[in-house]
Amino acid sequence: MGKEVDNKFTWVIKNFSSQQSRKIYSDEFFVDGCKWRLLAFPKGNGVEKLSLCLAVAGSEFLPDGWRRHAYIHFSVVNQLSDELSQARETKNWFDASTSDWGFASMLSLKKLHDKDGGFLVNGELKIVVDVSVLEVIGKLDVPVESEETTTKALSELEENDVPEESEETTKALSKVDENDGAESNDSLKEASSVKESMDVNGFRVLPSQVETVSCIFERHPDIASEFGPKNQHLRSAYMNVLLSLIKTMCQSTQELSKDDLSDADAALAYLTDAGLNLNWLEEKLEEVSEKKENEEAGETRVHEIEEELKELKLKCSNLEAQLEKEKSNVSAARAPFSFDDIV
């Protein structure tokens, strides 16, 4: 069951707890001339979380080279309080190799099935997606109703003797065709760059990343034993986040800020939520955080000692001047009177 309003589509899944299928689809809906549908994994996609994706409907029937760039905003609605609704957003290019995209960890199943949680009311789960199509390469999908309306309109125009296309119109169309060709060439270039990636333990990575990723799997062979996502683009994205996290942790504490460590902690949680076994990395991140705390505490103590030393140096300088003066007075007191002084 689904309802479409403008760019938003609402999917109400009845008897959600009774769903036995590994994945379920919503009705198809149209946004900006493109046909879509939602894909959900009621029992999670390899993790104990509700997994949710936006999919291009009928992608297998689209012409070669098609691509769509879209902004997506998912919301699992809390029917007791909107403030408790779980929302996530992203942008993605859809194509023949990636016809669906979303989040493997949208909401924990424990939280979802909590009888007082507000997500399941009368057995119904409510999901809202907001889609904005940013760019389309290839033809649009047009609803059947629109096709019929267009055909009827064309027939009426033909009956009214539509004038032939002007020379200016023909030139404009030629330019559009040329631009379409340029975009297609760009698509082919991007596709060829994707083919340059290499497989390491089920992850597609760049040649420059092969050695690093291989080393990670050699030292931690069970790292992906419970990893959920199967889509290669998703797997590569998670691996890139992991590599960036490790690179961040390899920086000196002087280069790392508290915000960097906070972001690193969030990235680690993001990766573990997807099913990666990263206990070893969590321990190292704690060590890095401890080193940062020690560095900050040490810097504070160094500053305090420097101030104390500065004061002591000034005091020493004053004492040295006073000492020289006293030495001069002693020397003067020790000097004997001369004959002339006495007589």
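Author: Let us begin with burial: a residue is buried when its relative accessible area is under 20%, exposed when it is over 50%, and partly exposed in between, with a 1.4 Å probe and protein chains only. Asp273, with a relative accessible area of 35%, is therefore partly exposed. This is a predicted model, in which local features need pLDDT of at least 70 and side-chain atom pairs count only at pLDDT 80 or more, while totals for chains, interfaces and linings use all residues. Residues are numbered from 1 along each chain as its sequence is written, and side-chain values use heavy atoms, with hydrogens and water left out.

Reader: How many helices and strands are in the protein?

Author: Helices (H or I, at least four residues) and strands (E, at least two) are DSSP runs, numbered from the N terminus. The protein has eight helices and 13 strands.

Reader: What percentage of the 343 residues count as buried?

Author: Of the 343 residues, 32% count as buried. Accessible areas come from the Shrake-Rupley method with a 1.4 Å probe, and for residues only the protein chains shown count as cover. The protein exposes about 22,300 Å², of which carbon and sulfur atoms supply 49%.

Reader: Which residues have the most contacts inside the largest nonpolar core?

Author: A contact means heavy atoms within 4.5 Å. A nonpolar core is a set of buried Ala, Val, Leu, Ile, Met, Phe, Trp, Tyr and Cys residues joined through side-chain atoms within 4.5 Å. The largest such core has 62 residues, and Trp36 and Leu125 have the most contacts inside it. Helix H5 (residues 232–249) gives the most to this core, with seven residues. As for contacts across the chain, among those between residues at least 6 apart in sequence, 64% join residues at least 24 apart.

Reader: Which residues make the nonpolar surface patch of about 560 Å²?

Author: Patches are made of residues with over 30% relative accessible area and no salt bridge; like charges are joined within 9 Å, and nonpolar side chains (Val, Leu, Ile, Met, Phe, Trp, Tyr) within 5 Å. Phe337, Phe339, Ile342 and Val343 make this patch. Ile342 belongs to helix H8 (residues 339–342), and its relative accessibility of 66% makes it count as exposed.

Reader: How many salt bridges does a search of the whole structure find?

Author: Side chains of opposite charge can pair when their charged atoms come close. A salt bridge is a side-chain nitrogen of Lys or Arg within 4 Å of a carboxyl oxygen of Asp or Glu. The search finds six salt bridges. One of them joins the side chains of Lys35 and Glu28 at 3.8 Å, N to O. Lys35 is partly exposed at 22%, and Glu28 is partly exposed at 45%.

Reader: Which parts does the pair of Lys49 and Asp273 tie together?

Author: The side chains of Lys49 and Asp273 meet in a salt bridge of 4.0 Å, N to O. Because Lys49 lies in strand E6 (residues 49–56) and Asp273 in helix H6 (residues 258–273), the pair ties together parts that are 224 residues apart in sequence.

Reader: Are Lys292 and Glu295 buried or exposed?

Author: Both Lys292 and Glu295 are buried. Their side chains meet in a salt bridge of 3.1 Å, N to O. Both residues lie in helix H7 (residues 279–334), three residues apart, about one turn of the helix.

Reader: How many disulfides does the structure hold?

Author: A disulfide is a covalent bond between the sulfur atoms of two cysteines. The cut-off is a pair of cysteine sulfur atoms within 2.5 Å. The structure holds zero disulfides. Cys34 is buried at 0% relative accessibility, and Cys53 is buried with a relative accessible area of 8%.

Reader: Where is Asp32 placed, and what is its phi?

Author: Most residues other than glycine have a negative phi. Asp32 has a positive phi of about 55 degrees although it is not a glycine. Asp32 sits in the loop between strand E4 (29–31) and strand E5 (34–41), and is partly exposed at 40%. Asn201 also has a positive phi of about 55 degrees, and is found in the loop between strand E12 (198–200) and strand E13 (203–205).
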